[in-house]
Amino acid sequence: MRIISVLNQKGGVGKTTTSVNLAVGYANDGYRVLLIDADPQGNASRCFFDDYHKLDYNKFAEFKVEDRTDQYETASELRKMLLSYTNKKDINDLLQGTAEPHECIHSTKVENLNIIPSLGAKLIQTVTYLQNKGALGSKIYNVLKRNLRKPLKNNNYDIVIIDNAPTFNLVTVNSLYASDEILIPLKVGIYELDGFVSTVKEIYNFNEEYGRNIDFKILITMMQRGNRPDYKKFVEEIRYLFPDRVYQATIGYQDAVVNRTSMKQEFLVNHDSNVGDDYRALVKELEEMQ
């Protein structure tokens, strides 16, 4: 079994899109896949659950609070209302020990693919919980790995993919400690390069601090189509600076395709397009490395 963390400290580089399409692509090929959403935004989870759609504009318009001068309380009550439409156990329950691991794993509409979701932006609270446990001397870096041991063994998963937040915190540490390898999506750009460099340094710091030796590979994402010499130079330089660490597959970007698949809640890896071909090529490359 293979556990891959998808990680980059820079947002907007295709991290969640890569995680989701990798998971679906593997599942399409008959592999048993577990996708773990370790990002408080929960965007990967929203690709598979429609719980939030149960709240329509009419129901929201009926929402009332007793004291509108207390904006914090208003926000808290709104959060409760939103969560009332999403009653699934998620990664927060797993990391905080309020649910058994099997309760946090849910089937999806994709055959062979299960998910541990991130719901209601509660991961920030989970970080605080882990920090408090650490202050009491508990081992807080391997909570996820310990909790995954039994379900991974019992469900015979072939691959686990973890979608991480664009930050480095105790939840990220847990993800990396449970992982065998790291995939870093990198969009062409100088600002994106800065985020990538920070991510690489954090990986080396993590390996040194926790006695691990997790390797990483780089995926060039969101490549604009057409003749773009600057893009080509950027990719060539990355391949030169990080030999044998860059996937041969690169992921292109087409506004029309991305918008169309998003509106229809489709997965790019299933789409008949150049971007779909890119993701299928990436899945095939990873499978050959299995």
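Leaving aside neighbours within four places in sequence, which residues is Ser-5 in contact with? They are Ile-162, Asn-164, Ser-175, Leu-176, Ser-179, Glu-181, Ile-182 and Leu-183. Contact means heavy atoms within 4.5 Å.

The views below come from a predicted model: local features need pLDDT of at least 70, side-chain atom pairs count only at pLDDT 80 or more, and totals for chains, interfaces and linings use all residues. Residues are numbered from 1 along each chain as its sequence is written, and side-chain values use heavy atoms, with hydrogens and water left out.

**View 1. Ser-5 in strand S1.** Strand S1 covers residues 2-6. Helices (H or I, at least four residues) and strands (E, at least two) are DSSP runs, numbered from the N terminus. Ser-5 has a relative accessible area of 0%, so this residue is buried. The cut-offs for relative accessible area are under 20% for buried, over 50% for exposed, and in between for partly exposed (1.4 Å probe, protein chains only). The Ser-5 side chain makes a polar contact with the side chain of Asn-164, at 3.3 Å. A polar contact is a pair of N or O atoms within 3.5 Å; within protein, one must be able to donate a hydrogen and the other to accept it, and residues adjacent in sequence count only if both atoms are side-chain atoms.

**View 2. The open sheet of seven strands.** Strand order is S3-S4-S2-S5-S1-S6-S7, with mixed pairing. S3 and strand S7 (215-221) are the edge strands, as each pairs on one side only. Two strands pair if DSSP finds at least two bridges between them. Strand S2 (residues 33-38) runs parallel to its partner S5, and six bridges join the pair. Val-33 has Ile-159 as its bridge partner in S5.

**View 3. Asn-112, a non-glycine residue with positive phi.** Its phi is about 75 degrees. Asn-112 sits in the loop between strand S3 (106-107) and strand S4 (113-116). Relative accessibility is 25%, so Asn-112 counts as partly exposed.

**View 4. Asn-156, a residue other than glycine with positive phi.** Here phi is near 55 degrees. The loop holding Asn-156 lies between helix H8 (143-155) and strand S5 (159-164). Asn-156 counts as exposed because its relative accessibility is 54%.

**View 5. Arg-46 in helix H2.** Helix H2 spans residues 43-46. Arg-46 is partly exposed, at 39% relative accessibility. Its C-alpha atom is separated by 15 Å from that of Leu-34, twelve residues apart along the chain.
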